[in-house]
Amino acid sequence: DDLIARVRDNGIEITLPEIISYGISADEAHRFGLPCGGTIELAIEPLSIESRIPELLARLDGGELVERRVHLASGAVSLEQAQASAIQRIEDGVLHTLHGPRWRLYIIGAGPLSRFLATIAAGMDYRVTVCDPREEYRSGFSIPGVSLVHAMPDDLVIEARLDARSAVVALTHDPKLDDLALMEALKSDAFYVGAIGSRANNAKRRERLKLLDLTEAELARLHGPIGIYIGSKTPAEIAISIMAEMTAVKNAVPQQMLVPHAAALTLASAA
């Protein structure tokens with residue numbers, strides 16, 4: 001609002017979409033609180049019926065992820081279904097903005113590790129749901145902004161209608177709770193599906209999942225042992241490891257740039 005007021009005070013009339021930069025000079029950077037001499041770019045767009053805002057809102061109400069493209073030279077607007085990996089940008093004179101549902105994380109199990117993972121994910125603006133049908137685990141589990149449900153995990157995964165902005169992490173160590181939920185998640189469009197456990201336990205889990213008619217391609221999507229290798233030992237460190245791997249997958253970081261736990265342990269044992 002302060003920046004827009006300054007534009008108006010300077011007598012600048014906006015009739016077409018325009019990108020205005022602030023912080024180019026040291027004085028501007030200091031005035032707007034920008035660190036290290038950074039800059040901020042403000043997109044100002046006059047709204048009209050051609051802005052297609054009602055159509056955008058209707059598509060958002062339907063749970064769609066929408067990419068809104070504004071042609072800066074003409075003000076023309078188009079709406080397209082966005083890819084989960086799309087980013088906000090200016091490209092070839094077109095402003096691309098993303099609108100739609102938040103990234104979602106479903107955590108199976110309400111133990112100490114879940115508490116740290118849910119807290120980190122909520123801080124990263126994920127919509128976090130923790131699911132545990134066991135009353136003794138749910139008791140006392142309360143994190144601001146995190147939903148706690150007592151449904152069976154596989155029922156929750158089915159009802160969630162997972163999309164490419166959804167992740168599922170199984171942390172109970174209990175096959176009765178984890179396996180069916182993982183089966184449903186691996187068949188979905190979820191961008192990340194992971195499970196806690198050692199290499200031996202994960203090998204056994206994969207054998208059980210094969211009996212549930214999962215294909216090799218679906219099984220290959222399972223991250224387990226979960227997380228990237230950072231030498232983690234405590235629940236808090238393991239949560240960071242999981243969130244780091246999830247973030248890397250979300251941001252399409254090439255697999256060869258990551259060191260998963262299984263690979264690190266193999267290298268350590270060979271050393």
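Which residues does Leu105 touch, not counting residues up to four places away in sequence?

**Entry 1: ground rules.** I am working on a predicted model, where local features need pLDDT of at least 70, side-chain atom pairs count only at pLDDT 80 or more, and totals for chains, interfaces and linings use all residues. Residues are numbered from 1 along each chain as its sequence is written, and side-chain values use heavy atoms, with hydrogens and water left out.

**Entry 2: Leu105 and the cores.** I looked up contacts (heavy atoms within 4.5 Å) and found that Leu105 touches Leu117, Ala121, Tyr126, Arg127, Val128, Thr129, Ala167, Val169 and Met246. I then turned to nonpolar cores, which are sets of buried Ala, Val, Leu, Ile, Met, Phe, Trp, Tyr and Cys residues joined through side-chain atoms within 4.5 Å. Buried here means under 20% relative accessible area, with a 1.4 Å probe and protein chains only. The largest core has 26 residues, and Leu105, Leu117, Tyr126, Val169 and Met246 have the most contacts inside it. I noted that E7, helix H4 (112–123), E8, strand E10 (166–170) and helix H10 (235–250) each supply at least two residues of this core. A second, separate core of 21 residues includes Ala170, Ala181, Leu182 and Val193. Helices (H or I, at least four residues) and strands (E, at least two) are DSSP runs, numbered from the N terminus.

**Entry 3: strand E10.** I found 5 of the 5 residues of E10 buried. Ser166, Val168 and Ala170 point one way, while Ala167 and Val169 point the other. Two strands pair if DSSP finds at least two bridges between them. E10 pairs with E7 in the parallel sense over 5 bridges, and Ile107 stands opposite Val169. On to E11 (residues 192–195): 4 bridges join this strand to E10, again parallel, with Tyr192 as the bridge partner of Ala167. From E10 the chain crosses through H7 to E11 in a right-handed β-α-β crossover; right-handed means that, with the strands pointing away from the viewer, the path from the first strand over the helix to the second runs clockwise.

**Entry 4: helix H6.** In H6 (residues 153–160), I see Pro153, Asp154, Leu156, Val157 and Ala160 buried. Down the axis they fall within an arc of 160°, so they line one face of the helix; the arc is that of the directions from the helix axis to the C-beta atoms. Their cover includes strand E7 (104–108), strand E8 (127–131), strand E9 (147–149) and helix H7 (175–186). Just after H6, Arg161 takes a positive phi of about 50°.

How values were computed: Buried < 20%, exposed > 50% of the residue type's maximum accessible area, 1.4 Å probe, protein only.
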